[in-house]
Amino acid sequence: MTQDQIVDLLTGKIKLVRTELGYTQDKMADILGISKKTLVQIEKERIKASWTVIVALCALFRNSEILNSTLGGDPLDVMEVVVHQYVARSKEKTWGGHVWWKEIDSNKGYRLQQNVISQHYRILDGNDYRVYSSFEEKEAKKRLKEI
């Protein structure tokens with residue numbers, strides 16, 4: 001997934017997130033740091049949201065059911081992998097892949113999973129803590145074997 005793909009995917013979700021939270025266009029525009037006129041244009045899909053607006057949307061509304069179901073999990077996790085190509089550090093405990101994930105491989109108690117929506121990969125340790133994320137299957141499999 002690329003930045004452009006995320007912008008395309010989430011531009012059409014801004015109005016849904018706004019209504020999910022019960023915000024007016026004025027309030028949502030203020031939160032996102034854009035004019036109401038720009039928000040109206042985005043909501044009517046006359047223009048695309050900028051990358052900066054999408055990042056703000058994901059950061060400020062990361063608990064939105066709309067964003068989580070659209071991206072298959074925490075929006076900031078997906079954004080971080082897109083921007084950095086991979087993430088190789090321990091993070092918070094996951095649910096272990098019960099929702100949105102399929103098992104790809106395992107090695108010494110570590111599991112490689114792929115998100116069924118965003119298609120990115122992650123490695124979980126035996127306690128379901130994420131230790132690596134990437135969109136590159138080859139690199140994720142290599143990391144799994146190195147563990």
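User: Leaving aside neighbours within four places in sequence, what is aspartate 128 in contact with?

Analyst: This is a predicted model, and in it aspartate 128 is in contact with Lys93, Thr94, Gly96 and Arg111 once those neighbours are set aside.

User: Where is aspartate 128 found?

Analyst: You'll find aspartate 128 in the loop between β4 (121-124) and β5 (130-134).

User: And is aspartate 128 buried or exposed?

Analyst: Buried: its relative accessible area is 18%, and the cut-off for buried is under 20%.

User: Which residues are linked with Asp128 in a network of salt bridges?

Analyst: Glu103 and Arg111 are linked with Asp128 in that network. Between arginine 111 and glutamate 103, the closest N and O atoms are 3.3 Å apart. Glutamate 103 is partly exposed, at 44% relative accessibility.

User: How many salt bridges does the structure hold?

Analyst: Nine. One of them pairs aspartate 74 with arginine 62, with the closest N and O atoms 2.2 Å apart. That pair links distant parts of the chain: aspartate 74 sits in the loop between α6 and α7, and arginine 62 in the loop between α5 and α6, 12 residues apart. Aspartate 74 is buried at 18% relative accessible area, while arginine 62 is partly exposed at 31%.

User: What about lysine 141 and glutamate 137, how far apart are they in helix α8?

Analyst: They're four residues apart in α8 (residues 137-146), so about one helical turn separates them.

User: Switching topic: what volume does the largest pocket have?

Analyst: About 490 Å³. It is lined by 22 residues, and the closest to its centre are Asn68, Gly73, Asp74, Trp95 and Trp100. Helices α6 (65-71) and α7 (75-84) each supply at least two residues of the lining.

User: How many nonpolar, polar and charged residues does that lining have?

Analyst: Five nonpolar, nine polar and eight charged.

User: Last stop, α3. Which residues are buried there?

Analyst: In α3 (residues 25-32), Met28, Ala29 and Leu32 are buried. They lie on the same side of the helix, because they cover an arc of only 100° around the axis.

User: What do the buried residues of α3 pack against?

Analyst: Against α2 (14-21), α4 (36-43) and α5 (51-60).

User: And what follows α3?

Analyst: Glycine 33, which has a positive phi, near 75°.

Note on methods
Residues numbered from 1 in each chain as written. Predicted model: local features only at pLDDT ≥ 70, side-chain atom pairs only at ≥ 80, totals over all residues. Heavy atoms only, no water. Buried < 20%, exposed > 50% of the residue type's maximum accessible area, 1.4 Å probe, protein only. Contact = heavy atoms within 4.5 Å. 1 Å grid on protein atoms, 1.4 Å probe; cavity = no way out; pocket = protein on both sides within 12 Å on 5 of 7 lines; lining within 4 Å. Points joined across faces, edges and corners; volume = space filled by probe spheres on them. Nonpolar A, V, L, I, M, F, W, Y, C, P; charged D, E, K, R; others polar. Arc of directions from axis to C-beta. Salt bridge = Lys/Arg side-chain N within 4 Å of Asp/Glu carboxyl O.
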